[in-house]
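Thank you all for coming; I would like to take a few minutes to walk through one model with you.

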Amino acid sequence: MTACAIEPAAEHEDDDAPRAGCTITADGSYAARLASAGDCWFPERWTLDGPEPYAVPLPAHQPEEPGTEVQPMGDGRVLICRPTDGRHVFSLLYPTGPGTGELLLGAVQCPDERTRLRLLPPAPGGDKAYALAVGPRSSAVWLVAGGAFGPEQLAEVPGRCSGGVWLERGGRMLALDRESGGRTKAVVVDLERGGEVSPLLQITDDSDDRLLLADPDSGLLLIRSDAPSPGRERLGWGVLGSTLPVRFPECLRMPDCAVTPFAIQPGQVLTPEGCGVALRIDGPVGGRVGVWRPAERQVRHLPAPEGWLTGAGWWSREGLLQLPYATAEVGCGVARWETPVTEAPQRDAGPDSNCGYRRAGATSHDGAAQDHRPDPALTEAPSAPARTRPVPLQQAPLGGLVTN
């Protein structure tokens, strides 16, 4: 047993992002969730890369607690994290004929009851899994699956951290949102250099700047910050490795709604502005799905499928958005949407262009009116992405960060 915390996965006091109904591997091959059978809970693995999705139940010898976390691995096994008696116990589950096989990996015990531990998002490659233990004054990154000798602490970061975004496909650079000195700023942890920490986002000195999503192919970043509206957080976007301001599109401001990006279209290496971004929109009328591209000035709204595993989904390189769902009639289903790309005009990102860049450190706003109506063209085949100049970050020291 190695030495770090305990809490339900559904709510985390240090990470207020809404939880998804299931967890999907980085390549979209597998998903895992806790499914219910009456008052009981059990892990379930979904296979997504075949002709039709199918689910395999993985019940253990006793029902799981509602706060138990599960995560799919790239080989089809499912990592489970069980809080018990002040520890987190990690095992790999896999189907064995009529039963469930279980490989015990070890446990992590936190130094005190104030420390909280949760699994980080699935790492690229799918052969390793990581967890973040958040204490009163520091946070630790743990390798909990894929190591040689059980759970291993890889890094300790001063300050309380939340979030967790992988910046490249090697599983080396991990972005975390670190709270320190009353402000939250995204930082990068290099897991191959002893947990070396570098700054990632610094929009203004007094702003809270969080990284929500990143696409390793295009470098597109989705950011939440109160820099443009002190005290009120807004969604913005930029491009990794660039030096111009983050943009905060007006169409992503939705009164009385919480908007959370949950998937970015991969493979758009030279066209970050053409990447599709899937949005979870939670409001007074319930949850729905939005589709947005940085090159567009509107959010296209999709009807969420009945039984959607809320907040879960993935994109194909061709622009197919896929949303997993489960109902009484369909225990394992995937709704697929082909989302068209609107051709965007080429724009000069110079200081006098309509992008709103006036000075170094300025934030930018798209002034177009919001359009929240369902788009009838959402089932048409996508056209080629618009080749527009990437709009990058301003004072964030990202250049050369993931080139080694």
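Let me begin with the cut-off that the cysteine question needs: a disulfide here is a pair of cysteine sulfur atoms within 2.5 Å. Please also keep in mind that what you see is a predicted model. With that cut-off, a search of the whole structure finds zero disulfides. For C22, the closest cysteine sulfur is that of C332, and because the two sulfurs are 9.4 Å apart, they are too far from each other for a bond. C22 is buried, with a relative accessible area of 7%, and C161 is likewise buried, with a value of 2%.

As for the chain as a whole, it holds 28 strands and zero helices, and 55% of its 404 residues count as buried. Its accessible surface comes to about 17500 Å², and carbon and sulfur atoms account for 49% of that.

Now to the charged side chains. How many salt bridges does a search of the whole structure find? The search finds 16, and I will go through three of them, starting with D209 and K185, whose side chains meet with an N to O distance of 2.9 Å. D209 belongs to strand 17, residues 209–214, and K185 to strand 15, residues 183–190, so this pair ties together parts that are 24 residues apart in sequence. Both of these residues, D209 and K185, are buried.

The second pair is E250 with R234, where the salt bridge has an N to O distance of 3.6 Å. Because E250 sits in the loop between strand 20 (247–249) and strand 21 (258–264), while R234 lies in strand 19 (residues 234–239), this contact ties together parts that are 16 residues apart in sequence. Here E250 is partly exposed, at a relative accessible area of 22%, whereas R234 counts as buried, at 5%.

Elsewhere, salt bridges that share partners join R172, D190, E192, R193 and E196 into one network.

Let me turn to strand 6, residues 78–84. Why can we call strand 6 largely enclosed by the rest of the structure? Five of its seven residues are buried, and that is why the description holds. On one hand, strand 6 pairs with strand 5 (residues 69–72) in the antiparallel sense over four bridges, and V70 stands opposite I80 in this pairing. The hairpin of strand 5 and strand 6 has five residues between the strands, and G76 takes a positive phi near 95 degrees there. On the other hand, seven bridges join strand 6 to strand 7 (residues 87–96), again antiparallel, with S91 as the bridge partner of I80 in strand 7. That hairpin has two residues between its strands, and D85 in the turn has a positive phi of about 55 degrees.

Finally, there is an open sheet of three strands in the order 25-26-27, with antiparallel pairing. Its edge strands are strand 25 (314–315) and strand 27 (333–338), each of which pairs on one side only. Two bridges join strand 25 to strand 26, residues 320–325, and W314 stands opposite Q322 in strand 26.

Key: Residues numbered from 1 in each chain as written. Predicted model: local features only at pLDDT ≥ 70, side-chain atom pairs only at ≥ 80, totals over all residues. Heavy atoms only, no water. Buried < 20%, exposed > 50% of the residue type's maximum accessible area, 1.4 Å probe, protein only. Salt bridge = Lys/Arg side-chain N within 4 Å of Asp/Glu carboxyl O. Pairing = 2+ DSSP bridges. Areas by Shrake-Rupley, 256 points an atom, 1.4 Å probe, with all protein chains shown as cover.
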